[in-house]
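Visitor: I have a new model on the screen and would like to know what stands behind the words used for it. Could you take me through them?
Guide: Gladly; have a look first, then ask away.

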Amino acid sequence: MKKEFYAKLWIWVVLVVCATACTGTSSSSQPCYDEQSNCQNKKEMAYSKKYTNADFYKDGKFDEEVAMNAFKDMFKFYDIPFTPLMVQDMWVTDFGLGDFENVGMGGIFWVNDQEHNYFAHAIYLLPDQMIPEHAHVRTQFAPKFESWMVTKGWAYNFSEIGDETPGAPVIPASYGPVKSKNFVVQKVGEVIHLKKEESFHFLLAGPEGAIVDEWASYHDNDGLRFTHPDASL
């Protein structure tokens, strides 16, 4: 009887081990939260461009609804909830340049408090999308000073301060030359600060897009200056 019992027990153990190996699961397995590979439920996958200017423009007019849908698609991939506040306050813009595929952004101002001098902003960039090069100059308020942290995807963070960095990505032809030639590749969790008040700077998303948190002093739109003569909000 003992031999029969141990034989059955051994067969059961072999079956359990085999089943675990085949499914790749175990009672001690942990979920994967590696931002770089998006391996939780999306192993070996990365977000990529799905929309072009042919989608964003109808009869030469920027279609904000399509642009918003493009961001919603990216939010779904990155598990970002589209909250009622975002429905109410999120905005999209092509800065009047007519090339949203390459130059534009989505965003929401979580807070912009003049009295207490603080600002919180989420920046949304589709794959390979550039924010126009700009600076924040003094008005009746001090020049805006800001810091950024990438939370999804990655981006090139450009500044006019510092030596030219080799191997720069191609700047969209619709934007043209820029003053900012120094850049770093900013990855998830990395915090970068504006190098100098009133200096020119911009972000350019990588091929996976980028979601960026920004914290800053009060944002006075009258102090916003673009290097492209036709760029505007």
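Visitor: What makes the pair of side chains of His219 and Asn221 a polar contact?
Guide: A polar contact is a pair of N or O atoms within 3.5 Å; within protein, one must be able to donate a hydrogen and the other to accept it, and residues adjacent in sequence count only if both atoms are side-chain atoms. The side chains of His219 and Asn221 make such a contact at 3.4 Å. His219 has a polar contact with the side chain of Lys144 as well, at 3.3 Å. Before we go on, a word on the source: this is a predicted model, in which local features need pLDDT of at least 70 and side-chain atom pairs count only at pLDDT 80 or more, while totals for chains, interfaces and linings use all residues. Residues are numbered from 1 along each chain as its sequence is written, and side-chain values use heavy atoms, with hydrogens and water left out.

Visitor: Why is His219 called buried?
Guide: Buried means under 20% relative accessible area, exposed over 50%, and partly exposed in between (1.4 Å probe, protein chains only). His219 has 8% relative accessibility, so it counts as buried. Its place is the loop between S10 and S11; strands (E, at least two residues) and helices (H or I, at least four) are DSSP runs, numbered from the N terminus.

Visitor: Which residues does His219 contact, leaving aside neighbours within four places in sequence?
Guide: They are Phe109, Asn112, Phe119, His136 and Lys144, where contact means heavy atoms within 4.5 Å.

Visitor: Why does Thr93 count as buried?
Guide: Thr93 is buried because its relative accessible area is 12%, under the limit of 20%. Thr93 is found in strand S3, residues 91–93. Not counting residues up to four places away in sequence, Thr93 touches Phe62, Phe100, Gly104, Met105 and Leu233. The C-alpha atoms of Thr93 and Met105 are separated by 5.8 Å, although the two are twelve residues apart along the chain. A polar atom of the Thr93 side chain also lies 2.9 Å from the backbone nitrogen of Phe95.

Visitor: What makes Asp59 and Glu198 stand out in phi?
Guide: Most residues other than glycine have a negative phi. Asp59, in the loop between strand S1 (57–58) and strand S2 (61–62), has a positive phi near 55°. Glu198, in the loop between strand S9 (191–193) and S10, has a positive phi of about 70°.

Visitor: Why is Asp59 called exposed, and why is Glu198 called partly exposed?
Guide: Asp59 has 87% relative accessibility and therefore counts as exposed. Glu198 has 37%, so it counts as partly exposed.

Visitor: How do you know that the span of H3 is close to the expected one?
Guide: The expected span of a helix is 1.5 Å times one less than its number of residues. H3 (residues 64–77) has 14 residues and reaches 20 Å from its first C-alpha to its last, close to the 20 Å expected. At the start of H3, a side-chain oxygen of Asp63 comes within 3.1 Å of the backbone nitrogen of Glu65. The buried residues of H3 include Ala70, Phe71 and Met74.

Visitor: What makes one space a pocket and another a cavity?
Guide: On a 1 Å grid over the protein atoms alone, a cavity is a set of points where a 1.4 Å probe fits but cannot get out; a pocket is an open set with protein on both sides within 12 Å along at least five of seven lines, and lining residues have an atom within 4 Å of a point. The largest pocket has a volume of about 240 Å³, the volume being the space filled by probe spheres set on the points, which are joined across faces, edges and corners. Among its 20 lining residues, Met105, His121, Ile131, His134 and His136 lie nearest its centre. S10 gives the largest share of this lining, four residues. A search of the whole structure finds two cavities of 30 Å³ or more, and the largest cavity holds about 60 Å³.
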